[in-house]
Number of protein chains: 2
Amino acid sequence: MADVLTIREIGADEFDLLWPIFHEVVAAGETYSYAPDMTFEQARQLWTSDGARCFVALLDRACVGGYMLHANQPGLGNHVANCGYMVTPAARGRGVAGAMCEHSLEQARQAGFTAMQFNFVVSTNEGAVRLWQKHGFEIVGRIPNAFRHARLGLADAYVMYRAL
Amino acid sequence: MADVLTIREIGADEFDLLWPIFHEVVAAGETYSYAPDMTFEQARQLWTSDGARCFVALLDRACVGGYMLHANQPGLGNHVANCGYMVTPAARGRGVAGAMCEHSLEQARQAGFTAMQFNFVVSTNEGAVRLWQKHGFEIVGRIPNAFRHARLGLADAYVMYRAL
């Protein structure tokens, strides 16, 4: 029987579904600038309130990843969306991130955004950079030494962008 | 008698000094992505809380501008500072922005930051772009159509950066 991947929106009351993955990804200190010891409440607030919408990816009912969609800027820049994606290490290489990316692009279009921007793609996260490029994103900026990678030390961060 | 420019840090309780300038700049809709109808409390919170430090520039005791300094990212990106600067139109061309920029670079160094990044310099704000370049910043990214300029329509935004 084939695995079935479903993606659905959750509210703040279901953030515990995603939290183990969120915590694992952030604690590793390799891809997100969030503090590695960020708490459940801090994470939940950031990903489910103030206009942020949170989605989870379920593989045969188990949560294997999630993403957050919101406006990248307030006011006169709020036509450009921003997303962050996380996948549990155990499910990597199975197309979860790509499926979430396509889902988020469609959600962003439906919400009226005209472009999507990633502000902080760590340059050493080469799989992610290639994946976003495959989904239509271009590198439009590079911030020198913007990230303190837990294993590799200072790393550049890319700004990536695509129109919708 | 020569004009004397002084720059000093303020707390949330003194944000009313800066508010008329803040409101004027934001309401114009030409340089900041903040909502043009942003309220005093929203502005005050953004510029004086959650780690944001606010400074005002006084010309013979009248407030002519101000700036905000904070970490551009949380956690593993918090060694890079970010600032926003505002000058009242009546005092432009008198070196206020440049003086605030130099002041902010020194404050950022003293606080332990190792670089400064501007995320959203509107490309049509050519005077600002040149001024930041003069103070050592380089354009390291360009976001297409990221800003809805009140008079000019869609405009690109630059990401600018300098080491400290």
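**Figure 1. Area buried between chain B and chain A of the predicted model.** About 2,200 Å² is buried between chain B and chain A, with 59% of it on carbon and sulfur atoms; buried area is the accessible area (1.4 Å probe) that two parts lose on being put together, summed over both. B:L76, B:I143 and B:R148 together supply 31% of the area that chain B buries against chain A, more than any other three residues. The contact, meaning heavy atoms within 4.5 Å, takes 28 residues from chain B and 28 residues from chain A. This is a predicted model, in which local features need pLDDT of at least 70 and side-chain atom pairs count only at pLDDT 80 or more, while totals for chains, interfaces and linings use all residues. Residues are numbered from 1 along each chain as its sequence is written, chains are lettered from A and ligands numbered from 1 in the order in which they are written, and side-chain values use heavy atoms, with hydrogens and water left out.

**Figure 2. Relation of the two copies.**

Figure 3. Between chain B and chain A, 20 residue pairs are in polar contact, both residues at pLDDT 80 or more. A polar contact is a pair of N or O atoms within 3.5 Å; within protein, one must be able to donate a hydrogen and the other to accept it, and residues adjacent in sequence count only if both atoms are side-chain atoms. On the side of chain B that touches chain A, β5 (115–122), β6 (138–149) and β7 (153–163) of chain B each supply at least two residues. Strands (E, at least two residues) and helices (H or I, at least four) are DSSP runs, numbered from the N terminus. The largest share of this side, nine residues, comes from β6(B).

**Figure 4. Salt bridge between A:R53 and A:E9.** The two side chains meet at 2.8 Å, N to O, in a salt bridge (a side-chain nitrogen of Lys or Arg within 4 Å of a carboxyl oxygen of Asp or Glu). A:R53 in strand β2 (residues 53–59) and A:E9 in strand β1 (residues 5–10) of chain A are 44 residues apart, so the pair links distant parts of the chain. A:R53 is partly exposed at 27% relative accessibility, as is A:E9 at 38%; buried means under 20% relative accessible area, exposed over 50%, and partly exposed in between (1.4 Å probe, protein chains only).

**Figure 5. Salt bridge between A:R44 and A:E41.** The closest N and O atoms of A:R44 and A:E41 are 2.8 Å apart. Both residues lie in helix α2 (residues 40–48) of chain A, three residues apart, about one turn of the helix.

**Figure 6. Salt bridge between B:R151 and B:E30.** The side chains of B:R151 and B:E30 meet at 2.6 Å, N to O. B:R151 lies in the loop between β6 and β7 of chain B, and B:E30 in the loop between α1 (19–28) and α2 (40–48) of chain B, 121 residues apart. B:R151 is exposed at 57% relative accessibility, whereas B:E30 is partly exposed at 25%.
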